[in-house]
Amino acid sequence: MILVFPNTRRLFLITIFAISASAQTVASLAGEAPVKEAFSIIQRNEPEMLREQQRICEIAAPPFEESVRAAELKRLFEKLGLADVRIDKVGNVIGVRPGAQPRPNLVFAAHLDTVFPPGTDVKVTRTDDLMKGPGIGDDCRGLVVMLGVIRALNEAKITTKGTITFVADVGEEGLGDLRGMKELFGETLKGRIDAFISVDGLGSSITNVGVGSYRYKVTFKGPGGHSYGAFGNANPIQAMGRAIAKIDQFEVPDKPKTTFNVGRVSGGTSVNAIPFEAWMEVDMRSSDIGELGKLNEKFKASMNEAAAEENKRWNNRGPVSVSAELVGLRPAGQTPESSPIVKTALAVNQTLGLSSHLGEGSTDSNVPMNQGIPAITIGGGGTGSGAHSLNESFDAHDSWKGTQRALLLAIALAR
Ligand SMILES: [Zn+2]
């Protein structure tokens, strides 16, 4: 029996560009004339940006089919005067707002894709501040906050010392498996990103812990046979039963929260046949890269042990084999509370009188966090409910505050 698993250990280089601003600096920055000007531009532009949010959201962007919405974002990036606007190999839209120097390079991102399959009615309805439609918050809001930041920087004629690169990315949701970010950090802008901000979610949230996950489809196979006539052959379903019992006994910490789940099982052909195949899907998560790695190792060993025990039980007659296919991998990581980017984000919230708490999640930031690149995910303002459902809503009351926050953070980090 052979188990094939990817190598999960990696080495990281930590970037040494100090990208930060103290609470005091942020407060005085917010008082500077061009920044105040940008703030009022944002507030003035918000009604138009909300119409833009509705319009973008009505361009369907199912998983792996983001290209039409991507083309629109490319057009908007060009219209806003970004430099070097392009679409990379996997479909990320990239545009650059050059600073006085190329580094530090701050990347600002929001995701194009939704969880909704092709054919979903993506019409957005609106009554005053309340907008309803699939994806209206997640992540059409993020896309529009990004556009609002570019516009305000332009209209207030703000220049930055460092460069800001804007990215409308693909593959954030579900089986997209963060492929946009994997490409961006692994190929497109490899080694050229010093800090990363994803605008995803609503309100004034700050996510600094990236929950990682491994998802496997595990298959047990054997020769099968008649339940009476071939009795004595090893049994793939019974081997899988042993494997599930082992998973069930895994000890995991409450903190950092680490979880496992056998979510789906299938196999066999008849009550009176020894099955020739059985499979299950397993999901494992942790906010801690070390714990997730340990769990993954324990899982791999257990699958092999379960097959070996089953084969031993039947003296290796009609033995079973096991293989595990990795169907999802979201790297875990975190940006420490003490890191400059988190401190700056907290200072920005404080300056703007927004509530602050640090949270964990599984977002585009997982990829840079895993590589040791300073990264956080921030909400795009407003409030809402029903993300990932057809009843998703976005309440735009005071939503301009979200764009103001993103702008101040961008300037504080890139100045
Ligand atoms: Zn999202």
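Axes are lines fitted to C-alpha atoms, for helices over the stretch in contact, and angles run from 0 to 180 degrees between N-to-C directions. Helices (H or I, at least four residues) and strands (E, at least two) are DSSP runs, numbered from the N terminus. The structure is a predicted model, in which local features need pLDDT of at least 70 and side-chain atom pairs count only at pLDDT 80 or more, while totals for chains, interfaces and linings use all residues. Residues are numbered from 1 along each chain as its sequence is written, and side-chain values use heavy atoms, with hydrogens and water left out.

Helix α4 takes part in two helix pairs. With helix α2 (residues 33-57), the axes come within 9 Å and cross at roughly 145°. This crossing of α2 and α4 is right-handed, a term that applies if the near helix is turned clockwise from the far one by less than a right angle, anticlockwise being left-handed. Contact is defined as heavy atoms within 4.5 Å. On the α2 side the meeting residues include Ile41, Ile42, Met49, Leu50 and Ile56, and on the α4 side they include Leu143, Val144, Leu147 and Ala152. By class, the contact of α2 with α4 comprises 12 nonpolar, three polar and six charged residues. In this division Ala, Val, Leu, Ile, Met, Phe, Trp, Tyr, Cys and Pro count as nonpolar, Asp, Glu, Lys and Arg as charged, and the others, Gly among them, as polar.

The second pair joins α4 (residues 140-155) to helix α3 (residues 67-79), with axes that come within 11 Å and cross at roughly 15°. The two helices are therefore roughly parallel to each other, the term for angles under 35 degrees. The crossing of α3 and α4 is also right-handed. Arg69, Leu73, Leu76 and Phe77 of α3 meet Cys140, Leu143, Met146, Leu147 and Ile150 of α4. This contact has eight nonpolar residues, one charged residue and no polar ones.

Helix α1 packs against helix α10 (residues 400-414) at an angle of about 115°, the axes being 10 Å apart. The crossing is right-handed. Val26, Leu29 and Ala30 in α1 meet Leu408, Ile411 and Ala412 in α10, and the contact consists of six nonpolar residues, with no polar and no charged ones. Ser28 also belongs to α1 (residues 23-31). With a relative accessible area of 45%, Ser28 is partly exposed, a class that lies between buried (under 20%) and exposed (over 50%), for a 1.4 Å probe and protein chains only. The C-alpha atoms of Ser28 and Thr351 are separated by 9.2 Å, although the two residues are 323 apart along the chain.

In helix α5 (residues 179-188), the buried residues are Gly180, Met181, Glu183, Leu184, Phe185 and Thr188. These residues pack against β1 (83-87), β2 (93-97), β3 (105-111), β6 (163-169), β7 (195-199) and α9.

Helix α9 (residues 366-370) contains Asn366, which is buried, with a relative accessible area of 0%. A polar atom of the Asn366 side chain lies 2.9 Å from the backbone oxygen of Pro331. Beyond its neighbours within four places in sequence, Asn366 is in contact with Leu178, Gly210, Val211, Gly212, Arg330, Pro331 and Gly361. Ser213, in strand β9 (residues 212-221), is buried as well, with a relative accessible area of 3%. Not counting residues up to four places away in sequence, Ser213 touches Asp283, Met284, Arg285, Leu292, Gly328, Leu329 and Arg330.

How values were computed. Angles under 35 degrees count as roughly parallel, over 145 as roughly antiparallel, 65 to 115 as roughly perpendicular and the rest as oblique. A polar contact is a pair of N or O atoms within 3.5 Å; within protein, one must be able to donate a hydrogen and the other to accept it, and residues adjacent in sequence count only if both atoms are side-chain atoms.
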